[in-house]
Amino acid sequence: MNTLIIYTYPNHKSLNYAFLQEVIKGCHDNPSIKETQVLDLYEEQFNPILEFHEHKRRRDMFRDPKLEKYREQIKWADKIIFVYPIWWGRPPAMLLGYIDQLFAANFAYKDKKGLFPEGLLKGKSVVCISTMKGPTKYPLLWLNNAHKILMKRALFNFVGIKQVKFFEFGNMESKKGRQRKKLEKVYQYFRKVAY
């Protein structure tokens, strides 16, 4: 199994970075995982801004040469792991800009007759690891589960990825947030996951 880890947080001295390290360590200790790549969107200086004009059309984004490296990473990966904070009830703009550009028509999905398109990323699986200052149940109780609906239904299911797992960790700025226990939980998951 090939794993692609997409890390979206600007600080390497953070809890999010600690989660990234546990994911990497768990993948390294898992005999089912053949190879792991890490894409740090901030370190990469990924440009999240969509740019369209008469010479650059949205429908041609799947062939944009600037994005070829990232498309190859997604094609290569069996499992895609996202590590990011939840800000204002959703992932950071940096990650959403990556999604807007990479999960494009004719790469991630293909329009066809009928209500829904054909997902072109079938057979892959996704894990989303997100942290937030507020309580763990905040997205469910106050936002009608908007984060999971956005990521699972509106994005991953749309492009054919049906196997999606979430780790949503709340109270991460609290001294009683059990950060060490949550880091261990993530490590153990990736150390044992088979697919």
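**Cavity, helix faces and salt bridges in a predicted model**

By class, four nonpolar, one polar and three charged residues form the lining of the largest cavity. Here Ala, Val, Leu, Ile, Met, Phe, Trp, Tyr, Cys and Pro count as nonpolar, Asp, Glu, Lys and Arg as charged, and the others, Gly among them, as polar. The model is predicted: local features need pLDDT of at least 70, side-chain atom pairs count only at pLDDT 80 or more, and totals for chains, interfaces and linings use all residues. Residues are numbered from 1 along each chain as its sequence is written, and side-chain values use heavy atoms, with hydrogens and water left out.

The lining residues are Ile-49, Leu-50, Glu-51, Phe-52, Lys-56, Met-61, Asp-64 and Gln-101. A cavity is a set of points, on a 1 Å grid over the protein atoms alone, where a 1.4 Å probe fits but cannot get out; lining residues have an atom within 4 Å of a point. Grid points are joined across faces, edges and corners, and a volume is the space filled by probe spheres set on the points. The count comes to one cavity of 30 Å³ or more. The volume of the largest cavity is about 40 Å³.

Helices (H or I, at least four residues) and strands (E, at least two) are DSSP runs, numbered from the N terminus. In helix H2 (residues 68-76), Tyr-70, Arg-71, Gln-73 and Ile-74 are buried. Seen down the axis of H2, these residues fall within an arc of 155°, so they line one face of the helix. The arc is that of the directions from the helix axis to the C-beta atoms. Strand S1 (2-7), strand S2 (35-40), strand S3 (79-85) and helix H3 (93-102) pack against the buried residues of H2. Contact means heavy atoms within 4.5 Å.

Helix H5 (residues 146-157) has His-147, Met-151, Leu-155 and Phe-156 as buried residues. Down the axis of H5, they fall within an arc of 80°, so they too line one face of the helix. Their cover includes S3, H3, strand S6 (125-131) and strand S7 (163-169).

Side chains of opposite charge can pair when their charged atoms come close. The count comes to eight salt bridges, each a side-chain nitrogen of Lys or Arg within 4 Å of a carboxyl oxygen of Asp or Glu. One of them joins Glu-68 to Arg-71, with the closest N and O atoms 2.7 Å apart. Glu-68 and Arg-71 are three residues apart in helix H2, about one helical turn. Glu-68 is partly exposed at 33% relative accessible area, whereas Arg-71 is buried at 4%. Elsewhere, salt bridges that share partners join Glu-22, Lys-25 and Arg-180 into one network.

Lys-25 is partly exposed, at 41% relative accessible area. Glu-22 counts as buried, at 8% relative accessibility. Glu-22 also meets Arg-180 in a salt bridge (3.6 Å, N to O). Glu-22 lies in helix H1 and Arg-180 in helix H6 (residues 179-192), so the pair ties together parts that are 158 residues apart in sequence.

Gln-21 also has its place in helix H1. Gln-21 is partly exposed, with a relative accessible area of 31%.

Conventions
Buried < 20%, exposed > 50% of the residue type's maximum accessible area, 1.4 Å probe, protein only. 1 Å grid on protein atoms, 1.4 Å probe; cavity = no way out; pocket = protein on both sides within 12 Å on 5 of 7 lines; lining within 4 Å.
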